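Welcome along! Have your viewer ready, with the cartoon on and side chains within a click.

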Amino acid sequence: MFKRNFAKLNQAMGFQRSSNRQKVQPGISDLSSNERAPNSCHPVINGAVSDDANNSSWMVDHPSALTSFDQMMKDAKGKKIVVFLDYDGTLSPIVNDPDRAFMSDEMRAAVREVATYFPTAIISGRSRDKVKGFVQLNNIYYAGSHGMDIMAPPRPVRSSDGKYHTVSLDRKGNEAVFQPAQKFLPSIQKILKELEEAIMKIQGASVENNRFCVSVHFRQVRDEDYGILEEKVKSILKHYPDFRLGWGKKVMEIRPSIEWDKGNALEYLLDTLGLGNCTDVLPVYIGDDRTDEDAFKVIQKRGQGYPIVVASSPKDTKASHSLHDPSEVLTFLLRLARWRKASSSSRSLSQIWGVGS
C-alpha cells in the first residue's frame, strides 16, 4: 500500500534490571480496548476472559515477551530493529486523572537508552505536544492523535497513490510535521466547545483536546449519569457527519472519518526513516490500546516484527507476544538495551547498520 524507506541510525545503551515495579492503577488510557460504563447497553469488546483454562490457552498463543526474549533476539540477529511505543498503559500507569499519567524516571531513562540504539517512536492518542511533555525526550519521534500528527525526519515521501501530503518543516528545519487531518481542525474546535458546554454539569465528566481528536472521559462519572453523557455527545455529533465516535477505557473519542490510524503512522515513520522497503527491518510495537491493534495488523501483514500487547488479562488481539503491565515493559526495554549493547560492543554502529562513516 505504501512505498517505504527509512534510514536513521542509533547508538549505544546499557541495562540494569530495576527492582521498582510500576503499579498499574485503575484509570484511563488514551483510546484503548472498548470498555463501556456498567450501565451501558453496549457490550464489552475485546474484554477480559476470566477462567484459568482460557488464560493458559491465551498465554500459549501470546507468550510473555520476557520469557521469549532470548528466542526473539536470536531471530532478530542481523536485522534492523525499530521500536514503537504507546504511552498510556504502556509507558505510564493507567490513572483516574488523564493529566496525571506520568511516566517514572526509570521508564524515561529506559526509553532514552533504547533510543540511543534503535529508532524509537511513541504513537499515542494524546496530542503530540502533550505526550512529548510527559516523555520529555528529544531523541525519539512523536506521533500524536493516533498518528494524525507526526513529527519525523524531513524526507520527500509519498504513498504509491500520492496521498502523503500536508508536510511542513519545523522552525529549525530539522524535522517535518505530517498532519493528514489538518482540514478538520476548525470543526474539531467547534465540537470541543460544544462538548464542554454540554457536559459541564455532569459531575466527573471531562473533555480533552487532543488536537486532531477529542476525548470525553467518564471514569469518574456516576453510573446513573453515563446515559445522559452519551446522549449529549451523540446529539452533538449528529451535526458533524465527517466525524465518528469510538470508545476506549472509560473514554469516548471523536475522530475525523479518514483512513488513517496507528498502523498508517507506523508505515509512514518507516517510510520517512528510510526502512519501509527493507526486508531486514524488524518493527517492535508495544501497546495496550484497541487502536494499537491497527499497528499490530500492519506488522502481521509485513510478515516479520513483534507486536506486543500490554494486558493483565486475556483479550482478543493480533499481537504475537504479551507483557503484563508497564513494569514488564520497563524490564523488556532494559533487556533490549542490554542485548544491543552486548551485541554491538565489538562493532561500530556503522558496521551494525551497514552505513559508511
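**A tour around strand β8**

Start by selecting S215 and E253: the bridge partner of S215 in β10 is E253. Strands here (DSSP E runs of at least two residues) are numbered from the N terminus, as are helices (H or I runs of at least four). Before going on, note that this is a predicted model, in which local features need pLDDT of at least 70 and side-chain atom pairs count only at pLDDT 80 or more, while totals for chains, interfaces and linings use all residues. Residues are numbered from 1 along each chain as its sequence is written, and side-chain values use heavy atoms, with hydrogens and water left out.

Now widen the selection to residues 251-256, strand β10, which runs antiparallel to β8 and is joined to β8 by four bridges. Two strands count as paired if DSSP finds at least two bridges between them.

Next, select residues 206-209 for strand β7, which pairs with β8 in the antiparallel sense, also over four bridges. Click V207 and then V216, its bridge partner in β8. Follow the hairpin of β7 and β8 through the four residues between them, and stop at R211 in the turn, where phi is positive, about 70°.

Are the two faces of β8 covered or open? Show the side chains of residues 214-217: both faces are covered, with V214 and V216 buried on one side and S215 and H217 buried on the other. Buried means under 20% relative accessible area (1.4 Å probe, protein chains only).

Finally, zoom out. The chain has ten helices and 13 strands, and 56% of its 357 residues are buried.

Methods. Buried means under 20% relative accessible area, exposed over 50%, partly exposed in between (1.4 Å probe, protein chains only).
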